[in-house]
Amino acid sequence: MDFLKYAKENEKNYFDDLNTLVRVQSTRDLSTKKENAPFGDGPREALDAFLNIAKRDGFATKDIDGYAGVISYGDQEETLGILGHLDIVPIGEDWTKEPLKVTIDDGYAFGRGVLDDKGPTLAAYYALKLIKEHGIPLKKRVMLIAGDEESGMDCMKYYKAHGEIPQSGFVPDADFPVIYGEKGGAHVSLHSHDKTVIQKLNAGERPNIVIGKADCFVKEISDRQKEQFAFYLKTNDLKGSIDQTDEGIRLHVDGVFAHAAMPYNGVNAALHLLNFVGCAYDDQLAKDLYSLLKDWQGKPEHINKDGAYMGFLTMSTGIVRMDPERTDILVDIRYPNDLDAKAIMAGFDEACAAVKSNITATLDSDSAPLFVDPNSELVTKLMNIYRQYTNDTFSCAKTIGGGTYARMFDNFVSFGPELPNEVKTTDQFVGGPHQRDEGVKVSELMQAIAIYADAIVALAG
């Protein structure tokens with residue numbers, strides 16, 4: 001069956017439904033938390049919108065107390081799962097497109113969530129919809145489960161305790177071809193009560209985003225320090241400013257937002273401010289914090305491991321909260337399966353003990369690496385389908401630093417929708433996950449629908 005043909009015929013309907021989802025600002029907001037809305041009004045609204053689309057099309061649906069929703073097709077005992085999420089990271093700044101609307105421009109769809117992960121989740125839904133509409137028989141019941149992933153996967157922890165667990169499946173929330181391994185994820189906090197000239201440095205909203213903009217407040221600044229700041233910005237190819245506010249002298253730096261799994265694609269504005277203040281004001285705490293956090297591979301902590309399967313450990317400073325009396329910093333670490341959290345914390349403890357400031361490290365959370373045998377039936381079937389559609393016989397199954405729902409269930413892998421070595425066909429900036437002007441090629445989403453449909457038939461048919 002030509003699923004790609006049918007996907008293209010449904011392109012308008014798909015984007016109408018995607019716009020319904022994208023217009024919901026589904027960032028977690030615990031200030032609006034209530035019964036059946038554990039992550040706030042936005043995620044609840046997005047979940048309702050998605051389940052209503054499925055009800056419209058005649059699917060059975062189930063609401064797991066607002067933590068997740070299930071769309072089911074079939075009544076068989078054996079199950080195939082597809083896991084996606086409907087929440088988004090904060091919108092951020094500097095968009096040139098409307099973030100809460102799907103904008104189609106020059107062959108690309110723009111909007112917060114079109115790539116991560118409303119667009120791919122809806123692509124998987126449309127794949128299931130095509131199978132249902134054409135009466136293709138399946139031997140397994142398909143369960144499309146949608147939740148709230150960006151803030152720690154609490155949704156799936158709850159689901160595992162209260163919902164039915166699919167026996168195997170895939171997650172449309174990463175890259176093609178097949179991702180059979182994901183690095184472990186640890187959150188490490190640094191704490192200190194040492195004195196600092198920094199009156200306030202509150203930067204970062206989520207640990208999984210490189211801090212792209214930051215403000216640091218100090219009581220005073222000399223002409224010499226102003227010159228040093230201008231020189232620092234110039235030599236580091238940064239933009240920034242100094243201005244007087246009611247809270248004191250504000251030093252502002254513009255960096256580059258990026259996903260914490262790829263900190264090398266971003267520029268951490270908060271770390272640059274720590275470096276400048278440490279040097280220009282001879283601030284020991286700022287110096288020591290920068291020395292601990294400056295390297296995205298974790299060299300100061302001696303945790304810079306290049307894994308046999310998963311490549312380098314990555315380390316990204318995601319949240320900084322500082323005032324003259326207290327410092328708390330949250331660090332996002334993605335580590336290969338050659339390491340574990342115990343070794344990482346030993347490295348932090350040793351590095352903290354070596355600096356002059358009194359800085360302590362604590363392990364806030366840890367999620368062990370995901371690893372599925374790359375020669376398994378699940379991986380090989382999905383690889384074959386990917387190659388049939390793309391004629392890409394060069395790219396192989398791989399591992400990534402990002403964390404998806406796949407790590408929450410046994411015998412799950414991530415599968416698309418981003419293509420390896422994708423050729424950009426527009427002169428516009430196209431942002432990736434967690435970036436401004438988040439975008440994805442329209443043809444890529446249509447192809448994903450077809451690939452997912454064939455994947456469902458191969459795994460459940």
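Good morning. Helices, at least four residues of H or I, and strands, at least two of E, are DSSP runs numbered from the N terminus. The structure is a predicted model, in which local features need pLDDT of at least 70 and side-chain atom pairs count only at pLDDT 80 or more, while totals for chains, interfaces and linings use all residues. Residues are numbered from 1 along each chain as its sequence is written, and side-chain values use heavy atoms, with hydrogens and water left out.

I begin with the second largest pocket. A pocket is an open set of points on a 1 Å grid over the protein atoms alone, with protein on both sides within 12 Å along at least five of seven lines; a cavity is a set of points where a 1.4 Å probe fits but cannot get out, and lining residues have an atom within 4 Å of a point. Points are joined across faces, edges and corners, and a volume is the space filled by probe spheres set on them.

The second largest pocket holds about 610 Å³ of space. Its lining consists of 31 residues, and nearest the centre lie Gly92, Glu93, Gly212, Lys213 and Phe257. Strand S11 (201–203), strand S12 (213–218) and strand S14 (248–254) each contribute at least two lining residues, with the largest share, four residues, coming from S12. Here Ala, Val, Leu, Ile, Met, Phe, Trp, Tyr, Cys and Pro count as nonpolar, Asp, Glu, Lys and Arg as charged, and the others, Gly among them, as polar. On that basis the lining has twelve nonpolar, nine polar and ten charged residues.

Among the 15 residues lining the largest cavity, Pro43, Leu47, Gly66, Gly147 and Asp148 are the closest to its centre. Helix H3 (41–56) and strand S6 (141–147) are the elements giving two or more residues to this lining, and H3 gives the most, with three. The lining comprises nine nonpolar, three polar and three charged residues.

I turn to the interior. A nonpolar core is a set of buried Ala, Val, Leu, Ile, Met, Phe, Trp, Tyr and Cys residues joined through side-chain atoms within 4.5 Å. Buried means under 20% relative accessible area, exposed over 50%, and partly exposed in between, with a 1.4 Å probe and protein chains only. The largest nonpolar core has 85 residues, and Tyr14, Tyr125, Phe170, Phe415 and Ile456 have the most contacts inside it. Helix H11 (residues 442–460) gives the most to this core, with 13 residues. A second, separate core of 50 residues includes Ile198, Leu233, Leu271 and Phe276.

Two individual residues remain. Asp437 lies in the loop between strand S23 (417–418) and strand S24 (439–441). Asp437 counts as buried because its relative accessibility is 1%. Its side chain reaches the backbone nitrogen of Lys97 at 3.2 Å. The side chain of Asp437 also makes a polar contact with the side chain of Arg436 at 3.0 Å; such a contact is a pair of N or O atoms within 3.5 Å, where within protein one must be able to donate a hydrogen and the other to accept it, and residues adjacent in sequence count only if both atoms are side-chain atoms.

Val267 is found in the loop between S14 and helix H7 (269–280). With a relative accessible area of 26%, Val267 is partly exposed. Val256 is eleven residues away along the chain, yet the C-alpha atoms of Val267 and Val256 are separated by 4.6 Å. Thank you.
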